[in-house]
Amino acid sequence: MSARARVRADALGPSHLPDLPDPPPGPASPRWAPAASGSPTALALLLGAGALVGCSGEPAGGPPPGWSDQVGLSELVDLDPSPSVLEVELPLRVESFSFRADAQVPLFTYGGTIPGPLLRAKAGDRVIVHAHNQLEVETTIHWHGVRVPVEMDGVPEMSQPPIQPGQTFTYDFVVPDAGLYWYHSHVESPAQVGFGLYGALLVEPAEAEPEGLGDEVVLVLSDLGLREDGSLVPADSGGAAGSLFGREGDVVLVNGREDPTLLARSGRRQRLRLVNAAKSRYFQLELPGHTFTVLGVDGGLRERPVEQERVVLASGERLDVVITPTGAPGERLPLRWVPYDRGYGSTEFREPEDLAFIELSDLEPELAPPLPETLRAISPTPRASATQVDLSLTLHSTDEEAWLGIDGLPSWEAPPLEAMIGETQVWRIVNETDWDHPFHLHGFFFQVDEPGAPLGWKDTVNVPKRDERTFVVRFDERPGMWMFHCHILDHAEIGMMGMLDLTP
Ligand code: C2O
Ligand code: CU
Ligand code: CU
């Protein structure tokens, strides 16, 4: 493995930091707006900004005006007039931002913003994305969690050739299932995702959902590695130890902002659609004095709501939660990141950190009606004739190098697993290492064995250190090579990755 591993480590070096483009002409752009370029796309982005909630005339009830303006995600103009087709132009380009010490930080972006634009569709819609690679590196877009055909899955060489600088690739697929998904680069992913190539894809249900789930906002959680002087930490910092731990950025972002504020009416329910787009960091969240009610996970609503003190999102996971903030007018409730023990080095000397604030307005408090008891009917995947598959997550090291593997083999040596269309498999994943690993399977949903928990659909499951998880998956009619890997992207890159060959 060493030759390949060395090449990979080199490729992640400082030379792969995005190059700083020429400063835009004219007055300095506001901190979070994309630098003005005058192109129709930039204009479209600005026009679409903050379009999350269309609540303008709201005297009787409703959230405070502009309640989510600080966390609005940009959206793109839909070029297709049909209501069941979303067609957008998505340029990939370097844009610079300022976070710290007034330093300009060049980042990779989808459409000029961090995160990329929010794509919104309805279950059953066709989504067409013309991805124009204006970066100096090759890339692909992976549609995490979406049941796409394999040619649209964005794995370089396997689903498609990488998109070369200056080239365009058109992604064109149907989004069959409601839920919050996300899109990200699948080339040099620790570097490209870590430097900005991620965005959210919200698929709304085709039929009405139960009423009263709250005012909805999509929050993309991520982080960014910056030095004290404000410059970017290279993707290979800390060498092998950095990869083994999984590099976390020290600046934590909610929709690309530090500490944004949501305005709320006391007692009014808010529905947060959360995605963890950080390459390694886990998000354990707390809202002091309040609880979270989990409605759904990766692949949409679960059977019923469950109330919890805290919630955890491993890298790649999504959660659909509601909170009901209560308190005095003007009170600011901190939504907090709390250290989560994902193994050695993850909690030592670390303190909770505020991620965002919920500020209570002086509008008359509401009394939120009870949540529905049932959210969705899900039947358990039958496993009577399922094939058992046992996998172990492993760590290997010599005096000079270290890598991760599945069943003792790094990705570049492992033969593919096999499955047949229509087959059901039960995967038992045993983690033999001292770090947690969020295990992700491309292209298919599974049901995790979790006694007592409502059924739900997952595509990423955290397998805690020295522990195991079991899930059942049925392979539908989408043959091809499908990838699975740890979603701590640094771990995937040093070997914790594999392939599944699905054949007729
Ligand atoms: Cu978000 Cu290969 O995955
Ligand atoms: Cu994926
Ligand atoms: Cu891992």
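Predicted model: local features only at pLDDT ≥ 70, side-chain atom pairs only at ≥ 80, totals over all residues.

D407 has a positive phi of about 55° although it is not a glycine.

Residues are numbered from 1 along each chain as its sequence is written, chains are lettered from A and ligands numbered from 1 in the order in which they are written, and side-chain values use heavy atoms, with hydrogens and water left out.

Now jump to D259, in the loop between β10 (251–254) and β11. D259 also has a positive phi, about 50°, although it is not a glycine. At 39% relative accessibility, D259 counts as partly exposed.

One more backbone detail: select I114 and P115, which are joined by a cis peptide bond with omega about -10°. P115 sits in the loop between β2 (104–110) and β3 (119–122).

## Zoom out

Switch to a cartoon view of the protein. How many helices and strands does the secondary structure come to? Five helices and 29 strands. Of the 504 residues in the protein, 56% are buried.

## The copper ions

Select ligand 3, a copper ion. Its protein donors are H437 (ND1), C486 (SG) and H491 (ND1), lying 1.9 to 2.1 Å from it. Donors are N, O and S atoms within 2.8 Å of the metal (3.2 Å for Na, K and Ca), and water is not among the atoms, so sites may look incomplete. In sequence the donor residues follow the spacing H-x48-C-x4-H. H437 lies in strand β24 (residues 437–441) and C486 in strand β28 (residues 480–486), so this pair ties together parts that are 49 residues apart in sequence. Both H437 and C486 are buried.

Next, ligand 2, also a copper ion: H142 (NE2) and H440 (NE2) coordinate it at 1.9 Å. H142 is in strand β5 (residues 141–144) and H440 in strand β24, so the pair ties together parts that are 298 residues apart in sequence. H142 is buried, with a relative accessible area of 1%, and H440 is buried at 0%.

## Cores

Show the side chains of F99, L119, W143, Y171 and F173. These have the most contacts inside the largest nonpolar core, which has 57 residues. Such a core is a set of buried Ala, Val, Leu, Ile, Met, Phe, Trp, Tyr and Cys residues joined through side-chain atoms within 4.5 Å. Strand β1 (residues 85–98) gives the most to this core, with six residues. Apart from it lies another core, of 32 residues, among them A402, I406, F444 and L500.

On a 1 Å grid over the protein atoms alone, a pocket is an open set of points with protein on both sides within 12 Å along at least five of seven lines, a cavity is a set where a 1.4 Å probe fits but cannot get out, and lining residues have an atom within 4 Å of a point. Grid points are joined across faces, edges and corners, and a volume is the space filled by probe spheres set on the points.

Finally, find the largest cavity, with about 50 Å³ of space. Its lining includes V71, L219, F357 and I358. Strand β19 (residues 353–360) gives the largest share of that lining, three residues.

Technical notes
Helix = DSSP H or I, 4+ residues; strand = E, 2+ residues; numbered from the N terminus. Buried < 20%, exposed > 50% of the residue type's maximum accessible area, 1.4 Å probe, protein only.
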